[in-house]
Amino acid sequence: MFATPECATAEELLKARLAQNLGPISGLAIVANAKGIFAKQGLDISVSNFTSGKQCLDTVLGGGADIATTAEAPVTAAAMAQQPIAFVAGMEYSDLKTMTAASAGIKTKADLRGKRIAFTAGTGSEVYTSVLLKAAGLTSKDVTLVNLRPQEMLPAMAAGSIDAFDTWEPHVANAKKALGEGATPLETKGLYSETFNIVVTQSYLAANPAIVSKFLASLIEAEGWLKAHPDEAIDVIAAATGMKRDELAAIWPDYVYRVRLDDRLLATLKTHATWRLETGNHPPGATMPDFSKVLVTAPLKAVDPARVTLEARP
């Protein structure tokens, strides 16, 4: 581990800018910040919050931040566009979900036919929607797809302009609370798990290997603390995200927190890239990315080699 003397002054801390999706999916980063773990590891992390991992990665690629929390969808988009990104660790995964308007009468996946379904383009929500329609025996031509940001979905459903939306928590739980009997979740458990990950640019990693390693060490320490103190972790994350504690507690088991680079992550990236190639959702001339150039194992191996268990060829 990268310990820093407790007498270190603020001037001695290494500075970095984190673009963070402000939701429980970023729980480890939230805990590391709130519990002073970043500072303990020798880091001064300034945080900018966003509502999607795509915005986070775009901010890093645009030079507005150094480190992004992001899902696999923006990663494969960037890789296919030959952006010089470095995927240094996964830190969480959880199922995406579908909330429906009770008035739409959607009881099964097949009932989505002819409905207006909101999704968020460029995120895992878009791929989940594709997987969901396939599972229902439908195509995009059988429904009306509406591209909305996650925070726009509840107001749209409340206004009656969509019949269902596909996204991540806590937006689904928020809709249930706000709409009550007017909102009905659709059973899709296990259909699609979105990963949440840490990505930097290759040039940033080359210039700042110590910062990246200390950042990963901080997340690992936060993971240990979170698992040892789940009740307090719920308090911390609920406060940071503006959620009510009991609402986060109700969906807490949905979030699987672990810092790692493993074959499940690689498989998710390859599945996602295959979807892009099959649907044409990629830059002209794009091919399957060489993920051995995208997944960078050295920083995590330097901190905890047991967390790197990639056996398949990237």
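**Exercise 1.** Which handedness does the β-α-β unit of β6, helix α5 (residues 124-135) and β7 have?

Solution. β6, α5 and β7 make a right-handed unit. Right-handed means that, with the strands pointing away from the viewer, the path from the first strand over the helix to the second runs clockwise. Helices (H or I, at least four residues) and strands (E, at least two) are DSSP runs, numbered from the N terminus.

This is a predicted model: local features need pLDDT of at least 70, side-chain atom pairs count only at pLDDT 80 or more, and totals for chains, interfaces and linings use all residues. Residues are numbered from 1 along each chain as its sequence is written, and side-chain values use heavy atoms, without hydrogens and water.

**Exercise 2.** In which sense do β6 and β7 pair?

Solution. Take β6 (residues 116-119) and β7 (residues 144-147). They pair in the parallel sense over four bridges. Two strands pair if DSSP finds at least two bridges between them. R116 has T144 as its bridge partner in β7. I117 stands opposite L145.
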